[in-house]
Amino acid sequence: MVLKFSEILQAIEGGYRPSKEEILLLLSAEESQMNDLQDAADRVRRKFVGDEIHLRGIVEFSNFCIQNCWYCGLRQENRQVDRYRMTADEIVDVAGRAKSRGLKTIVLQSGEDPWFTRERMSEIISRVKKSTGLAVTLSLGERPEEDYRAWKRKGADRYLLKFETSSQSLFERLRPGRKISDRLNSLKILKKAGYEVGSGNIIGLPGQTPEDLANDVKFSLDYDFDMIGVGPFIPHPQTPLGRSSPGMLTQALGILALTRILTRDTNLPATTSLSVLNPEARRRALQAGANVLMPDVTPWVYRQHYQIYPGKAQAKLEEDELTELIFRLGRKIGRGPGSRKS
Ligand code: SAH
Ligand code: SF4
């Protein structure tokens, strides 16, 4: 039997797990159907995670990177980046200020930077944890299992490692020298080590097909991530993909909405890359399933040099602007750490 868009939408809102073909059909929706998809995601969001929007302060503490991802402005071969590393004192200080502004989670993010050894990172995590008590999320790329375990023992709560794309050929083309199996293995190890695991995918990578995207949605659902960042690809001029087209807003919002409907209670951020495409996109994402915002708390002197993609520093909203947006939407700021199962 061939099901129509509205029938599949109704079924998945009720908990039905769609096939890949049905996901493809949902993702090829026309505009009015896309609105229905986003409205359904908004209802599922309200029912399963409520009206709270969790704020995670992100500090981008190093832009050194040994990888050469084709999509990313921080890739090692981009010689035009002014590289910086924040000191342990600076990181602890920023975390303290985030806490005093009422944030409940601090995300420590960097390029893949081996200068931050297991020991150095352990010390930073301990100090942040002891002085603030905040939930600590790490986003440092792929590291050996023993690093993940050591940092967990020091008090890290969550780890953010996007799978980027579930297509092996695309992943391995765009991340030279890296294997998708290692990435997926890291995600498994992180879960086993007791982290809440965040992941996610990039929408609109050059060469990505609608089928790849349907597979990504299925992959997110099967893996049962605690957080999923869905963001469009933004070309960076100083990368091999600099002349490619960006991801499409409606497609990214559609995938976000579908991810909400299917995963039910996962934490879904309204990503900064969405608002690079369109200043209204952050609001639209919050009305299409998203329940997390990530204000940038990186000191201004550094922030401008953390250009994973262009427009990032400018697209970030200050915390007071985010707060205003939350109230305008009739939502509330999360009062706890906003763990998935809390
Ligand atoms: N080095 C770490 C964390 C920093 S990169 C890592 O790679 O995991 C954080 C995320 O930025 C990546 O996971 C990727 O999804 C995203 N990103 C990088 N370049 C991008 C681009 N041009 N457009 C959209 N997202 C991008
Ligand atoms: Fe480095 Fe992460 Fe950028 Fe890849 S995406 S080049 S690992 S910062």
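**Loops, ligand and buried residues**

Modeller: A place to start is R264, which lies in the loop between α10 (249-263) and α11 (272-277), and please keep in mind throughout that this is a predicted model.

Biologist: What about P269, where does that lie?
Modeller: P269 lies in the loop between α10 and α11, and with a relative accessible area of 2% P269 is buried. In space P269 is 10 Å from G200, C-alpha to C-alpha, while in sequence the two are 69 residues apart.

Biologist: Let's switch to the ligand. How many residues surround ligand 1, and which are the closest?
Modeller: Ligand 1 is surrounded by 18 residues, and the closest are Y71, S110, E164, I234 and I308.

Biologist: Which polar atoms come up there?
Modeller: For Y71, a polar backbone atom is 2.7 Å from a nitrogen atom of ligand 1, and for I234, a polar backbone atom is likewise 2.7 Å from a nitrogen atom of the ligand.

Biologist: How much of ligand 1 does the protein bury?
Modeller: Taken alone, ligand 1 exposes 540 Å², and the protein buries 92% of that area.

Biologist: Where does ligand 1 sit, then?
Modeller: Ligand 1 sits in the largest cavity.

Biologist: You mentioned E164; where in the chain is that?
Modeller: E164 lies in the loop between β4 (158-160) and α7 (168-174). E164 is not a glycine, yet its phi is positive, at about 70°. E164 also counts as buried, because its relative accessibility is 11%, where buried means under 20%.

Biologist: New topic: where is D226?
Modeller: D226 is placed in the loop between α9 (210-223) and β6 (227-232), and at 9% relative accessibility D226 counts as buried.

Biologist: Which side chain does D226 make a polar contact with?
Modeller: The side chain of D226 makes a polar contact with the side chain of R340, at 3.0 Å. As for R158, that residue is 68 residues away from D226 in sequence, and the C-alpha atoms of the two are 9.2 Å apart in space.

Biologist: And T132, which helix is that in?
Modeller: T132 is found in helix α5, which covers residues 118-132. At 6% relative accessibility T132 counts as buried, and a polar atom of its side chain lies 2.6 Å from the backbone oxygen of V128.

Biologist: Are C65 and C69 buried or exposed?
Modeller: C65 is buried, because its relative accessible area is 15% and buried means under 20%. C69 is buried as well, with a relative accessible area of 11%.

Conventions
Residues are numbered from 1 along each chain as its sequence is written. Chains are lettered from A and ligands numbered from 1 in the order in which they are written. This is a predicted model: local features need pLDDT of at least 70, side-chain atom pairs count only at pLDDT 80 or more; totals for chains, interfaces and linings use all residues. Side-chain values use heavy atoms; hydrogens and water are left out. Buried means under 20% relative accessible area, exposed over 50%, partly exposed in between (1.4 Å probe, protein chains only). Helices (H or I, at least four residues) and strands (E, at least two) are DSSP runs, numbered from the N terminus. A polar contact is a pair of N or O atoms within 3.5 Å; within protein, one must be able to donate a hydrogen and the other to accept it, and residues adjacent in sequence count only if both atoms are side-chain atoms. A residue is near a molecule or strand if one of its heavy atoms lies within 4 Å of it. Accessible areas come from the Shrake-Rupley method with a 1.4 Å probe; for residues, only the protein chains shown count as cover. On a 1 Å grid over the protein atoms alone, a cavity is a set of points where a 1.4 Å probe fits but cannot get out, and a pocket is an open set with protein on both sides within 12 Å along at least five of seven lines; lining residues have an atom within 4 Å of a point. A molecule sits in a cavity or pocket if more than half of its atoms lie within 2 Å of its grid points.
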